[in-house]
Each structure stands twice: as C-alpha cells, then as structure tokens.
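The entries follow in the order in which I looked.

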Protein chains: 2
Amino acid sequence: MTVTLADVAARAQVSPATVSRVLNGNYPVAASTRERVLKAVDELDYVLNGPASALAAATSDLVGILVNDIADPFFGIMASAIQGEIGGPGGRAGGERLAVVCNTGGSPERELTYLTLLQRQRAAAVVLTGGAIEDAPHKAAMDAKVRKLTEAGTRVVLCGRPQAPDTGAIALTFDNRGGGQELTEHLIGLGHRRLGYIAGPQERTTTRHRLEGHRAALAAHGIEEDPRWTVHGRYDRRSGYEATLELMRRDPSLTAVVAANDSVALGACAALRDSGLRIPEDVSVAGFDDLPFSIDAVPSLTTVRLPLAEAGARAGRIAMGREEAPHGGIASVRGELMVRGSSGVPRSS
Amino acid sequence: MTVTLADVAARAQVSPATVSRVLNGNYPVAASTRERVLKAVDELDYVLNGPASALAAATSDLVGILVNDIADPFFGIMASAIQGEIGGPGGRAGGERLAVVCNTGGSPERELTYLTLLQRQRAAAVVLTGGAIEDAPHKAAMDAKVRKLTEAGTRVVLCGRPQAPDTGAIALTFDNRGGGQELTEHLIGLGHRRLGYIAGPQERTTTRHRLEGHRAALAAHGIEEDPRWTVHGRYDRRSGYEATLELMRRDPSLTAVVAANDSVALGACAALRDSGLRIPEDVSVAGFDDLPFSIDAVPSLTTVRLPLAEAGARAGRIAMGREEAPHGGIASVRGELMVRGSSGVPRSS
DNA sequence: AGCGATGCAGCAAGCGCTTTCTATATACGG
DNA sequence: CCGTATATAGAAAGCGCTTGCTGCATCGCT
C-alpha cells in the first residue's frame, strides 16, 4: 500500500540499511549510492514512517510546549519564539522537530494529562510556560511527572514558571515580584496613596508574586492596605472590566488601579471610561507584560515589559541543547518598567 | 530500563496481549483480570510507548493544526477552538489526541515541510487555517500533498481558507469578499467618497478577497478608485501605522481608511492620532476580524466579526469525524458588520 | 608482493506494541 | 451427560525502521 523503506531499497538496488543511512546521513555512504537512493526516494514519493523510526531509534522529534491559553498573545508570543528555536522546518540543519503546542486552559488535570501524552510520545523536550498552580497535591504530581521525564532523557524547561527543585528541570523564571513592586513604586512616587489591585486567579504563582510585589511597595512606603482594595479575577479583559466596577463601588476615592496584566488593564480602562472617569486625570491605570496592543491603548498603558520573545527563544535553545543551562539550573528574567500615558499624578483630593 | 508492556504482563501474571487489550478496551477481558492489570500498571507507573503503538496499530493520535502566526490572536483563537474539539485530555472518552500546532510564519516552504512532517507522523487529521498563498507552483505542491494525505486516510480540513478542489479536503471558507464589501458599503453609506485601503500581503487569498469586496462596493456606487488609495503591507500594527502615514501623504483629503485587519487598523488609528487627526471626525477607520481588543480601542473599532471560535470548533469536529462534512465538502462562513465608534460621517469638505 | 587499515554495504536482530488465530474453560440446551 | 456455542486468555507473527556487527574490496605502506 504505502511505500516503505524496502521499496526504496529495491528500486535503488541497495539494502534497506543503506537507505536508512542515506536518509539519516549519519554513516558514510558513497556519493553514487546516495544519489541513486535519493532518486528512488523522489520517484516513489517516499515518506519516512515516523512511529517506526522513533520506535527503532528510541528517540522522537517531538517537542512539547505547554501553554495556559493559546488565544492569549502572552503565550502566543512565547510559543512562537520557542518554536522558532526548536527549528521545525527551516531551522538550522539537523533534526527537523515538530513542536507540539498544548493548550491546558489552566486546568491542572489537562496539564498533567498532556505531560503523560508527551511522555508517551517519548518527546525529546518539553517547555512549560506560564505560572504554576499552587495546589500542593497537584504540584507534587507535576514534579513527580517532570522528574520522570527528565530521568527518561527528556529535557524539561520552565519558561516564566517558578523553579521546581530536584526535578531536573531548567527554570527561566520571570521576576514578577520585582516588576510588581517597581510598578507600584512608580505610582506611589507620583503621589498615589489609595491603589486598587486587580489580581489574577487565586492559586497561581504569577498572581501571588505580582501581588506580593505590589504589597511590598506599599509596605515600604508605609501605606496601609485596605482589604477592599484587592479583587481577584481571571486574566482577561472582561474580568478587568467587572473588577474595576467592583473596586470603584467599594471605594470611589481610589486614584489608581493596578491590574494583573495588560488585558485586565484594558478592561479596567473601559470600565473607568464607561463610568465617566478620565485616565489618568481621575484614575491612573497600570498593566503588566507589555503586550503589543498595550501601546495602542488610549492613553497608552504604563506597564512592565516582560521579554517574552527573548525568554521563549532562550528556553527553546536550552530545550534543544543548543545553549547551556544557566548556572544552578535557574535564571531569573527581569521585567522593565514602561511608563506611559495611563499613569499620572493623582487628582488633588 | 523503562517499563514495558511485558513487565506489566509479568507482574499481573497475564500475557502482553491481555494487557494491551485492557489498555485499549476493545476486547472482552474479565473484570478480575482487568483489575489485576490496572493495578500492575499503576504500581509500575507504566506509560504506553506511543511510537510502538502507532507502528503496530498503523494509526496515530496526532492531529496537526497549521497556523500562519501563533502570536496573532486571529490564529490563536481558531487554534484554541480546534484544539478544544480535538479532545486532547479532558475531551470525551475515546482516543486522547495530541494537537500539534505548527507555526508556518506564512512561509510556503515551512507550510509544505510541516505537512510532510505530519504525513510522516501519520497524523490522524490536519487542519489548515488562514488564507492560502497564491503562487501557482506552490499551490500545486500543496494540493498534491493534501491529496496524498487524504488518500492515506488523514482527514484534512481547511478553516478560513479557500477550497482546494479534488484534494479530498473539507473547506470552511470565510466570506472575506462579502464582508469587505459590506464594510465599505457602510462607509459609503455614511457619505465617504475618498477611501484609503491598507491591504495585506500580496499573493494571499485573504488579502485579495477583502480587497475585491472593497472594490466591488466602490464600483457598485460608481466611485472611481484612485490607485494611490491602496497600499499593501503586512498583517500587523506596525505595517498599518506606516501605511497610513503613506496614504495620508499621498492624499490628505482621504476621509476614511479601511484596513486589512484589526491590528492594522489599530496601527492606522495610532498614525492618524499622531498626525493630529481625530477619529472619526477627521478620518474614519475600519478593521476586519473583530478580535477581542478591537472593542477596547478608543474609539472602538468598526469592523467585520468573523466567528473564529465557532468555525474552529466546527473544523475540529469535522476533523475528528464527529460532525458531518458540509454538503459538497465546502461551507462558507459569513462575517457580521460591527458598526462602532471609529466610523462616522466624513468631515464636510 | 603482502598485510593491516580503511571505506562502504549488507545481514539480521530487535524496538514495544497490536491483532489474528488458536486453545481452553465454562455454560447451555436437548 | 454430551455436543456445541460462548467467553476469555495466550502464542506468535508482524508493523517499518535502526544499528551493531560482519564481509568484502580497495588502498597505502613496508
């Protein structure tokens, strides 16, 4: 039915072994023979059987990329950068690898199941992006799985995710705490004393770290936080809209709203505008991540730029073994404060 | 080294065949035996060897999704919807499939190479998203490849991409022409007579169809188009910014700018603002796609909503054989005009 | 001219699983 | 109580490829 190695071998009048070697290019083959084989491959339109090859060689050319939400550019940008380094077609010579982007939707079970699926495929490497879920049993299960993967020779890289000690995974973490702190300090520096905070979903490391940074800044300046000033929500615009309305209802005297990320900040801006408030004259707004659209908001968003593409590329290179892992298996990637139009001095109270 | 089926069989005191049958659940196995096997699987932490299984069964649980740019929400949203239906973990019982999102970056070669890679993996199905490249040789090569895939039993679905006759692929096309026409007619209806158009990259079906719709609307209203009113660019914000500057330089009397998509439109808005022009009082702007951020632009963007998630979900279902293919193997998906704040009556000339 | 190196190709043994066919045990009807 | 249908488990033959090892020329050297 389908063309096999043997068919090619027969046509080129060589043994299957020789065809395999020509295709893999990892063994000396006379130029004339190689040519004959290549010609036969071409004429028969032969395509290697991946599973068979993977089975025999005990290796695979699959690389997994786990993301929380593929429709969110935050992950899209990282995935794109990772994939760019993975090679895939067009990459530097050597193995053409297939990048498998897996969408967990933020669900713990799916995260785990995808890891199993990847393990089943004997993936060459796995990159986990985005914050981790802070549930002890789940974390233990994840760590165990990751350890199993690394033990089986799969390189595991965490990109924008906290370190997982003793699992053999390499971590490239984002300094969410530092970024959050810097951002809030900027607002405090402008004179703000009453700041609302729209946090991400509970039980996520990213959420917690950014919030911790915010609180550290408040504490450092002796500002006592009102519990009403923090609302939790999802990482999307809608959530930011609703949370802002809630925040302003709870305390209309807030002069600034800090959002968990840029999408949430955009929602916050919309809510404020719809409430007849001007940005930043009445209320300042700040985001996080500096996604491409943030500069286009009106006014453009003050935020913390995370070098998503750079970090992704680096993670991809490490996953491919083309770059050395950072010392100690962990590196922290800093964000950069981007001060733009959405933050200003508070209205005189 | 790693645990194999045989190890599990030994531990459960059954034959490998029985273990395989328990795992696949496609053959009667006594409850007591099944339990024993499952227990052994659990104790040994056994994970099936995917390649071996795929080889023996001559089937794979990989599903490929080709996108032009994974960092662009246009594709992210579709990919997410497709993946949601593919099942992956969490999907309805039956095969847990691994969705492979492949980023072609709009490059013809990569598109082809990815298809080969998927063919090599004996993918169960492939979904191609986004416009096609209008280069005759490349189109022929793609069609040949697709035909080969469908002949080998891989289901191929085109989502938001023109039909490929005689390839066996199912097509869910977007009515870009109709949407483009409707959009421009809306502007003409408001009184605009001098409209700039920022088209996407040349040689893409999406670009051509949207532009054709625009021109059809102009023609229908007896408006003669000035060649200076059309500029080609990429599908990103930056390109929209630059193209708008160019457009306004060529003809400052334009009262409206129609963009190839929402990102481009956002760039256009930024360029106009930076030129001191008000939207829509001085110049109206329109986009295409209605991505989530479009409603947040200020003013919010008039655009054509494409049901990306719905179309993706449907494509996914068809790919999985869970929904019947449309009659004739092709269905056209219409867009919906969303009139918002960025379009208004032209300034009195 | 003789002999070990060297270069290139083939043989054949798997890789770990699925599945057809066969074997055994139990159940059932007459 | 026996023959036959029925349920369940095992034996074994691959699936298509890779690769260690073997074999045979050819080559360079003394």
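Entry 1: I began with α5(B), which is mostly covered, since 13 of its 14 residues are buried. A residue is called buried here if 20 or more other C-beta atoms, placed from the backbone, lie within 10 Å of its own, exposed if 12 or fewer do, and partly exposed in between. Helices (H or I, at least four residues) and strands (E, at least two) are DSSP runs, numbered from the N terminus. The helix covers residues 73–86 of chain B and reaches 19 Å from its first C-alpha to its last, close to the 20 Å expected at 1.5 Å a residue; the expected span is 1.5 Å times one less than the number of residues.

**Entry 2: what I am looking at.** I note that this is a predicted model, in which local features need pLDDT of at least 70 and side-chain atom pairs count only at pLDDT 80 or more, while totals for chains, interfaces and linings use all residues. Residues are numbered from 1 along each chain as its sequence is written, and chains are lettered from A and ligands numbered from 1 in the order in which they are written.

**Entry 3: chain A as a whole.** I looked up the secondary structure of chain A, which comes to 12 helices and 12 strands. The C-alpha trace of chain A spans about 90 × 40 × 35 Å along its principal axes, and 52% of its 349 residues count as buried. Two residues are in contact if their C-beta atoms, placed from the backbone, lie within 7 Å; among contacts in chain A between residues at least 6 apart in sequence, 72% join residues at least 24 apart.

**Entry 4: strand β1(A).** I found that 6 of the 6 residues of β1(A), residues 62–67, are buried. Leu62(A), Gly64(A) and Leu66(A) lie on one face, with Val63(A), Ile65(A) and Val67(A) on the other. Strands count as paired if DSSP finds at least two bridges between them. β1(A) pairs in the parallel sense with β2(A) over 6 bridges, where Leu66(A) stands opposite Cys102(A), and also in the parallel sense with β3(A), residues 125–129, over 4 bridges, where Val63(A) stands opposite Ala125(A).

**Entry 5: strand β8(A).** Both faces of β8(A), residues 256–259, are covered, with Ala256(A) and Val258(A) on one side and Val257(A) and Ala259(A) on the other. β6(A), residues 195–199, runs parallel to β8(A) and is joined to it by 4 bridges, and Ile198(A) stands opposite Ala259(A). β8(A) also pairs in the parallel sense with β9(A), residues 284–286, over 3 bridges, with Ser284(A) as the bridge partner of Ala256(A).

**Entry 6: a loop glycine.** Is Gly105(B) buried, exposed or in between? Gly105(B) is partly exposed, because 19 other C-beta atoms lie within 10 Å. Gly105(B) sits in the loop between β2 (98–103) and α6 (108–120) of chain B. Its C-alpha atom is separated by 5.3 Å from that of Asp69(B), although the two are 36 residues apart along the chain. Leaving aside neighbours within four places in sequence, Gly105(B) is in contact with Asn68(B), Asp69(B) and Arg110(B).

**Entry 7: where the chains meet.** I then turned to the contact between the chains, which takes 46 residues from chain A and 47 residues from chain B. The largest share of the side of chain A that touches chain B, 8 residues, comes from α6(A). By class, that side has 25 nonpolar, 14 polar and 7 charged residues; Ala, Val, Leu, Ile, Met, Phe, Trp, Tyr, Cys and Pro count as nonpolar, Asp, Glu, Lys and Arg as charged, and the others, Gly among them, as polar. Chain A can be laid on chain B with an RMSD of 0.1 Å by a turn of 180° and a shift of 0.0 Å along the axis, the copies being superposed by least squares on the C-alpha atoms of residues with pLDDT of at least 70 in both. The two copies are thus related as by a two-fold rotation axis.

**Entry 8: the DNA strands.** I counted a residue as near a strand if its C-beta atom, placed from the backbone, lies within 6 Å of it. DNA strand D is surrounded by 27 residues, the closest being Leu5(A), Ala17(A), Ser20(A), Ala56(A) and Thr33(B). α2(A) gives the largest share of that surface, 6 residues. Around DNA strand C there are 28 residues, of which Thr33(A), Leu5(B), Ala17(B), Ser20(B) and Ala56(B) come nearest, and here α2(B) gives the most, with 6 residues.
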